[in-house]
Amino acid sequence: MIKAGIIGATGYTGAELVRILSRHPEVELVALTSRSYAGEGMAGVYPSLTGYTNLTCENLTPDEVMDRAEVIFIALPHGHAVPVATRARERGIKVIDLGADWRFRNAGTYEEWYKIQHGNHELAARAVYGLPEIHREAIRSAGLVANPGCYPTSAILGLAPLLKGGYIDPATIIIDAKSGVSGAGREARVTSLFVECNESINPYGVASHRHTPEIEQELSALAGKEVKVTFTPHLLPISRGILSTMYATLVRPASTEELRGVYEEFYAGEPFVHLLPPDQWPHTRWVYGSNNCHLNLAVDTRTGRVVVASAIDNLTKGASGQAVQNLNLMCGFPETMALEVPGLCP
């Protein structure tokens, strides 16, 4: 049994980690930290976990968590994971960070977009970006994995086969993405109030969202050259889910059937990425609560463009499920362990 601790356990991603890990046959949760709920049972904070965990939330120092755990998940706001992960790696403890602090190979990019000093550029350059479908072998031997953002996960999985195969002009990529309200976290804010977001949809972070450089970093590596995208996220009045619809111009004529073959080959054997049948387009409710990504695509012969749609659950494949997928790879467990559940529908 691997002993695991979660630093920042009472946010939505922390609670999702507890939900998944509570049924993981090779993991024992030994520490859940929370300042706001210190002394309270995790099942009291999230009654849905009743019967699945009897752990109490504690206001522990990172070193106190490391005294108990062999691997730690960090689910903290950006800017807080650098000293924790640095100390953990000094102690030889594996780290999976669900925040943004380690996602950029060049920490200067992080500093430019997040407007804070990073603190450990050398370790940032060695962290592995934790998208298993792209970086599986590097994740297996990693000591520090940067769990991808939710929007980047949906966008990168949707576009990877086209960029890797050289089918599209990278300068023409447009990503129109929509997320449920849980993507904003559990912290109380006006924009997340029911009366503010119900029966409404709105763009935000237009031409400035912090997931943009993360998407560009990974797409550039796939394309073998610099890629810049137009990325616009929107807030949907649903609890969970991300739907990304992506557009790009083909560099040479190709049919929908030909490109479907490209996707089938690229994702052959992938347990969580599923190309849907022709004309069956992804719905967020079909992946609700699962670690799955549903994809489909079509060539618009009139415009010479390809349209790709990608749906994930932002808290599962977009965060905590993917973190457990990374844990399984890092620890030599079957990659699908504790994650083989279909979406909850209806």
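User: How many aromatic pairs does a search of the whole structure find?

Analyst: The model is a predicted one. Two rings count as a pair if their centres lie within 6.5 Å. With that cut-off, the number of aromatic pairs found in the whole structure is six.

User: Is the pair of Tyr-110 and Tyr-114 stacked or edge-to-face?

Analyst: The ring centres of Tyr-110 and Tyr-114 are 4.9 Å apart, with 15 degrees between the planes. Planes under 30 degrees apart count as stacked, and those over 60 as edge-to-face. The pair of Tyr-110 and Tyr-114 is therefore stacked.

User: Why are Tyr-110 and Tyr-114 separated by about one helical turn?

Analyst: Tyr-110 is buried at 1% relative accessible area, and Tyr-114 is buried at 6%. Both residues lie in helix α5, which covers residues 107-114. Their separation is about one helical turn because their spacing in this helix is four residues.

User: Which parts does the pair of Tyr-151 and Phe-231 tie together?

Analyst: The two ring centres are 5.3 Å apart and the planes are at 70 degrees, so Tyr-151 and Phe-231 form an edge-to-face pair. Tyr-151 belongs to residues 150-164 and Phe-231 to residues 230-235, parts that are 80 residues apart in sequence. The parts tied together are helix α8 and strand β9.

User: Are Tyr-151 and Phe-231 buried or exposed?

Analyst: Buried means under 20% relative accessible area, and exposed means over 50%. Tyr-151 has 2% and Phe-231 has 3%. Both residues are therefore buried.

User: Which ring does the charged end of Arg-252 sit over?

Analyst: A charge sits over a ring only if it is within 6 Å of the ring centre, besides meeting an angle limit. The charged end of Arg-252 is 4.5 Å from the centre of its ring, which belongs to Tyr-167.

User: How many charged residues are in the lining of the largest cavity?

Analyst: The largest cavity holds about 30 Å³ of space. Its lining includes Trp-102, Arg-103, Phe-104, Arg-105 and Gln-217. By class, the lining divides into six nonpolar residues, one polar, and a charged count of two.

User: Which residues lie nearest the centre of the second largest pocket?

Analyst: The second largest pocket contains about 370 Å³ of space. Its lining has seven nonpolar, four polar and four charged residues. Of the 15 lining residues, those nearest the centre are Glu-16, Arg-19, Tyr-46, Ser-48 and Arg-240.

Methods. Residues numbered from 1 in each chain as written. Predicted model: local features only at pLDDT ≥ 70, side-chain atom pairs only at ≥ 80, totals over all residues. Heavy atoms only, no water. 1 Å grid on protein atoms, 1.4 Å probe; cavity = no way out; pocket = protein on both sides within 12 Å on 5 of 7 lines; lining within 4 Å. Points joined across faces, edges and corners; volume = space filled by probe spheres on them. Nonpolar A, V, L, I, M, F, W, Y, C, P; charged D, E, K, R; others polar. Helix = DSSP H or I, 4+ residues; strand = E, 2+ residues; numbered from the N terminus. Buried < 20%, exposed > 50% of the residue type's maximum accessible area, 1.4 Å probe, protein only. Lys NZ or Arg CZ within 6 Å of the ring centre and 35° of its normal.
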